[in-house]
Amino acid sequence: MENPNKPSFEAGPLTSKLVHLALPVRWSFVDRERGGVEAACTYDIHPRGARLVSGRDVNVGDLLMVERGRNRAICQVVWAADPASPLRGQFTVQCVEGRTPWDDELRQMEERYQPVILDGKQRSFAGGFADQNRRRRPRFEVEGQAEVIDGVQRVAGSVQQISEFGARIAAPEVLRPGTDFRLMLNVFDISLALKAQVKYLVENLAMGVEFQEIRIGDRPLLSHVLSKLRTRRVEEFAPVEVVTESLVAAAG
């Protein structure tokens with residue numbers, strides 16, 4: 001059965017602006033019998049909610065009153081980190097009643113990205129890798145949501161495999177090799193935003209993509225996703241520079 005609290009393309013942060021910003025907030029359970037007001041800090045914010053860090057445990061489905069200054073909203077917990085993971089104390093809320101308490105800050109800020117770093121060196125954006133003889137990174141089978149954003153065009157698809165520096169994305173409409181685009185992923189209910197480039201096609205049904213930049217604040221989330229997948233390791237990525245003539249012809 002589909003989890004009604006799982007972020008979707010329409011309702012969650014996957015398709016909306018998300019900014020890495022630390023803001024002090026207060027929260028309490030709507031069920032007042034469960035305790036008083038708790039202090040927290042936002043890790044990132046978006047138009048429908050935020051990811052928070054707090055010292056008290058919450059569960060998916062909990063209703064919270066979240067306050068910042070005189071602004072308040074009723075929010076629902078849609079994701080909570082495993083207490084045994086490096087993300088312990090973090091949870092994501094979506095507002096179900098009232099305007100988000102951080103609307104003013106969100107309007108004044110833009111998403112920021114940072115380059116993907118390869119073996120301590122910045123990746124070569126002109127083409128290929130900065131170190132052609134680098135050790136290949138493992139890739140992992142995975143099931144998750146993906147959205148390919150090319151200008152004003154948005155195409156929903158799925159992520160089939162992922163590594164530290166790339167992914168295989170299946171979509172009803174694929175982009176040609178060499179195309180730069182924005183990529184939104186949701187794996188284990190964790191949302192990631194990246195700027196990527198298509199490197200090769202798989203029978204015109206999927207794209208092998210290389211990550212170029214990652215949204216500030218998302219690198220620890222990507223590391224967390226990969227750590228959960230390490231028990232399902234598959235073969236290493238084939239060199240992304242290799243594109244057969246038949247695939248290039250198909251892309252045309």
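This is a predicted model: local features need pLDDT of at least 70, side-chain atom pairs count only at pLDDT 80 or more; totals for chains, interfaces and linings use all residues.
Cys95 is in no disulfide, and the nearest cysteine sulfur to that of Cys95 belongs to Cys75, at 3.0 Å. Residues are numbered from 1 along each chain as its sequence is written, and side-chain values use heavy atoms, with hydrogens and water left out.

Now the chain as a whole. It has three helices and 16 strands, where helices (H or I, at least four residues) and strands (E, at least two) are DSSP runs numbered from the N terminus. Of its 252 residues, 51% count as buried. The chain exposes about 12700 Å², of which carbon and sulfur atoms supply 48%; these areas come from the Shrake-Rupley method with a 1.4 Å probe, and for residues only the protein chains shown count as cover. If we call heavy atoms within 4.5 Å a contact, then among contacts in the chain with a separation of 6 or more, 61% are between residues 24 or more positions apart.

Which aromatic residues form one cluster? They are Trp27, Phe29 and Phe91, and the structure holds two aromatic pairs. Rings of Phe, Tyr and Trp (its six-membered ring) pair if their centres lie within 6.5 Å, with planes under 30 degrees apart counted as stacked, over 60 as edge-to-face and the rest as tilted. Trp27 and Phe29 have ring centres 5.1 Å apart and planes at 85°, so they are edge-to-face, and both residues are buried. Trp27 also pairs with Phe91, with centres 6.0 Å apart and planes at 75°, so this pair is edge-to-face too. Because Trp27 lies in strand E2 (residues 24-29) and Phe91 in strand E7 (residues 90-97), the pair ties together parts that are 64 residues apart in sequence. Relative accessibility is 0% for Trp27 and 1% for Phe91.

Let me turn to the nonpolar cores, meaning sets of buried Ala, Val, Leu, Ile, Met, Phe, Trp, Tyr and Cys residues joined through side-chain atoms within 4.5 Å. The largest has 33 residues, and those with the most contacts inside it are Ile162, Ile169, Leu183, Leu185, Val209 and Phe211. At least two residues of this core come from each of E11, E12, strand E13 (166-170), E14, E15, E16 and H2, and the largest share, six residues, comes from E15. Apart from it lies another core, of 21 residues, among them Val66, Ala73, Phe91 and Leu106.

Finally, helix H2 (residues 219-229) has buried residues including Leu221, Leu222 and Val225. What covers the buried residues of H2 includes strand E4 (49-54), strand E11 (140-150) and strand E12 (153-162).

Methods:
A disulfide is a pair of cysteine sulfur atoms within 2.5 Å. Buried means under 20% relative accessible area, exposed over 50%, partly exposed in between (1.4 Å probe, protein chains only).
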